[in-house]
Amino acid sequence: MAAETLVAESVASRLERQEEDIRWLWAEVLRLRDELLNAPDRCQAEGPCLTREVAQLRAENRDLRYRLYRLRVCLAEELSHQAKLECAARAEAAQKEAQRAAAGAQPLSSQNQEKDVTKKEEMEPDSEVRNQPHFIKKRLKLFEMLKQDHQVLSAFYEKMGNTSTVITVRLADGKAVEGEVWKTTPYQVAADISQELAESAVIAKVNGELWDLDRPLEGDSKLELLMFDNEEAQAVYWHSSAHILGEAMELYYGGLLCYGPPIENGFYYDMFMEDRVVSSTELSALENLCKTIIREEQPFERLEVSKAVLLEMFKYNKFKCRILEEKVNTLTTTVYRCGPLIDLCKGPHVRHTGKIKTIKIFKNSSTYWEGNPEMETLQRVYGVSFPDNKMMITWEKFQEEARNRDHRRIGKEQELFFFHDLSPGSCFFLPRGAFIYNTLMDFIREEYHRQNFTEVLSPNMYNSKLWETSGHWQHYSENMFTFDIEKDTFALKPMNCPGHCLMFAHRPRSWREMPIRFADFGVLHRNELSGTLSGLTRVRRFQQDDAHIFCTMEQIEEEIKGCLQFLESVYSTFGFSFHLHLSTRPGNFLGEVELWDEAERQLQKSLMDFGKPWTINPGDGAFYGPKIDIKITDAIGRYHQCATIQLDFQLPIRFNLTYVSKDGDDKKKPVIIHRAILGSVERMIAILSENYGGKWPFWLSPRQVMVIPVGPTCEKYALQVSSEFFAEGFMTDVDLDHSCTLNKKIRNAQLAQYNFILVVGEKEKTNNVVNVRTRDNRIHGEIAVTSAIDKLKNLKMSRILHAEEEF
């Protein structure tokens with residue numbers, strides 16, 4: 001016992017010395033910080049500037065705090081060991097007393113001890129779910145210890161000297177208010193203006209950075225308060241909701257949490273549970289648990305912790321440790337707590353779980369760690385939440401509409417396409433689906449001819465040396481299908497641009513040829529992970545309306561205008577509205593600044609001349625050149641990015657592409673414009689089928705005409721009419737089913753979305769006419785067969801959206 005006591009005293013002594021070191025360090029940090037606050041050249045916008053000395057002291061302080069934590073753990077272990085020894089001694093004494101008492105009654109002292117222990121156990125708070133995972137209490141204990149250390153240090157920092165430094169907080173409307181550094185929070189600023197404003201705000205933005213509403217400001221600040229209608233605020237709201245779901249899953253399943261991010265419309269959380277899977281029947285129980293967590297209004301607490309301590313905190317979870325070791329490149333990072341959940345997270349979050357007013361857990365699936373099928377299988381649960389119940393009702397109606405429009409359901413019902421396990425990610429297009437596919441490509445080919453593009457054909461596979469030259473081998477080889485032929489490595493092409501560079505370079509080029517516009521519908525293959533494959537929207541085999549324009553710097557503006565006019569012509573035909581976004585030079589750009597500036601100037605000029613609204617995304621361009629991203633809006637308000645217009649200065653350098661300029665310079669480098677309007681034809685078919693809900697416009701419809709005879713005596717005439725329309729290029733069928741009445745046949749044709757239904761009887765047969773009606777039951781009456789054919793040919797060529805009304 002004496003040895004254990006000496007060890008404990010030794011540890012306590014070291015602990016006291018470490019605390020003295022920390023106090024000294026904090027005093028030194030305070031002194032240096034005060035000097036900087038009083039310096040005339042301090043940063044006004046960002047608060048006090050930190051010197052290398054202060055940063056070093058902070059790093060040393062973090063190390064000392066970790067050492068303090070480890071020492072406390074050691075002390076706790078020593079004390080625990082001592083307690084066990086004392087308990088064993090008491091047990092031994094009790095055993096001897098029992099032996100002496102022989103068969104007598106149990107001593108009163110032992111009875112009292114047992115009662116005290118039972119009473120103590122009953123009195124212990126039990127705010128968490130019974131049978132919770134063993135790691136939760138250990139994790140909470142460590143978090144509370146770290147939080148207490150942080151509070152002690154903060155209190156010491158506040159106690160040292162005069163630290164109530166006044167800061168200026170400038171609001172979005174230009175108004176400025178005063179606050180105290182490390183004390184005033186965005187929520188307090190908002191509450192001083194209006195309590196309603198403070199409660200409505202989802203998150204703050206401080207000097208352009210998203211910021212917890214209850215996190216103290218660290219210097220002079222420009223403050224914005226973001227509501228739920230802001231996209232960034234929605235992401236924060238759904239991220240906080242994901243933590244609520246994570247807490248519920250941890251308590252319900254006891255598995256290991258992985259990633260839990262916000263997504264476009266909601267959130268999900270992944271969990272590893274060995275051989276256990278999530279059942280759809282359990283989603284309601286999870287949702288109820290989430291609602292309980294929301295009612296508790298658990299605060300979101302932020303704590304900055306060293307990476308080493310977090311590896312200790314999450315040592316039970318190999319996935320969180322992977323994130324720390326592979327993704328975190330700083331000495332410290334942050335964790336957030338709500339209730340018993342402590343999660344590795346950058347944040348920020350809403351103030352407390354009660355801010356989530358309504359939540360729905362609606363779907364589950366299986367996935368792989370980071371989408372890699374060679375890694376562990378995870379269970380994914382999806383949810384969505386809103387600050388208003390009306391929003392949830394609207395979302396549920398939207399989901400019902402989206403389910404009815406799902407392209408996979410439409411593809412099956414209309415016999416357009418299917419997938420098979422023997423060729424995952426590669427679509428089988430049936431005759432009617434192939435008609436849509438080919439009609440889209442013919443449409444683009446017509447536009448190519450009008451816009452002076454030249455269609456080319458290029459190989460499907462290339463030697464890996466081509467991809468090494470282009471740079472794709474170094475950055476994209478994992479997404480390529482590769483194989484060896486005669487000791488060389490080849491790959492199926494995932495894009496057309498390197499092949500088009502070979503086409504440009506196969507002979508000398510002159511400025512007189514520029515611009516050269518190569519268009520290619522070549523088949524592309526990308527080795528997408530099996531877990532990411534999804535209908536026609538994510539496939540391995542596809543075709544693009546891919547084109548590359550080789551032009552001079554002076555021609556960029558005019559070529560971009562042509563590309564914008566091209567996409568407007570195509571999208572207006574489909575009935576899409578679209579939004580334009582200019583993405584400019586990123587931090588990792590390659591090339592000369594002057595070249596980028598000139599290219600961006602020309603892109604801006606083209607966009608301004610185009611006359612449509614556009615926004616700028618600073619620093620969001622590709623490393624090889626600026627770009628214009630185009631997002632279309634479908635019939636139910638969803639956004640899809642299909643078209644892209646990208647400038648490329650690097651491929652001409654990599655492939656040493658040159659042309660002879662007007663002044664005779666034969667080393668002049670062209671600029672490449674990557675351009676696609678449909679993007680993947682497969683994905684565009686998915687978007688169009690959902691946009692139209694299966695009611696295809698006449699020119700694109702796989703079911704254009706249905707001929708229905710009134711009776712058996714008119715069947716021969718019906719077949720004749722059908723043949724005439726088919727000969728003119730229409731997708732035509734005839735219904736000869738004797739088991740259905742005339743009205744039933746008409747109704748079946750309307751439900752099958754035939755644009756025009758031609759009814760023929762004895763009268764129509766005698767006069768060589770047809771009786772025309774539409775899928776929407778609009779009756780156009782009798783018309784001669786030749787006139788009907790001419791009208792439908794004109795409607796098909798015009799590609800109007802509502803041909804049935806214009807007939």
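The loop between strands β3 (203-206) and β4 (209-211) holds N207, a non-glycine residue whose phi is positive, near 50 degrees. The structure is a predicted model, in which local features need pLDDT of at least 70, side-chain atom pairs count only at pLDDT 80 or more, and totals for chains, interfaces and linings use all residues. Residues are numbered from 1 along each chain as its sequence is written, and side-chain values use heavy atoms, with hydrogens and water left out. Helices (H or I, at least four residues) and strands (E, at least two) are DSSP runs, numbered from the N terminus. N207 is partly exposed, with a relative accessible area of 38%; buried denotes under 20%, exposed over 50% and partly exposed the range in between (1.4 Å probe, protein chains only). A positive phi of about 55 degrees is also found at R799, likewise not a glycine. R799 lies in the loop between α24 (785-798) and α25 (803-806) and, at 16% relative accessibility, counts as buried.

Two cis peptide bonds are described here. The bond from G347 to P348 has omega near 0 degrees, and P348 is placed in the loop between β11 (341-344) and β12. The bond from M514 to P515 is cis, with omega near 0 degrees; P515 occurs in the loop between α16 (497-505) and β20 (516-520).

In helix α8, the buried residues are L283, L286, E287, L289, C290, I293 and I294. These residues cover an arc (taken from the directions from the helix axis to the C-beta atoms) of only 160 degrees around the axis, which puts them on the same side of α8. Helix α8 is followed by E297, whose phi is positive, near 50 degrees.
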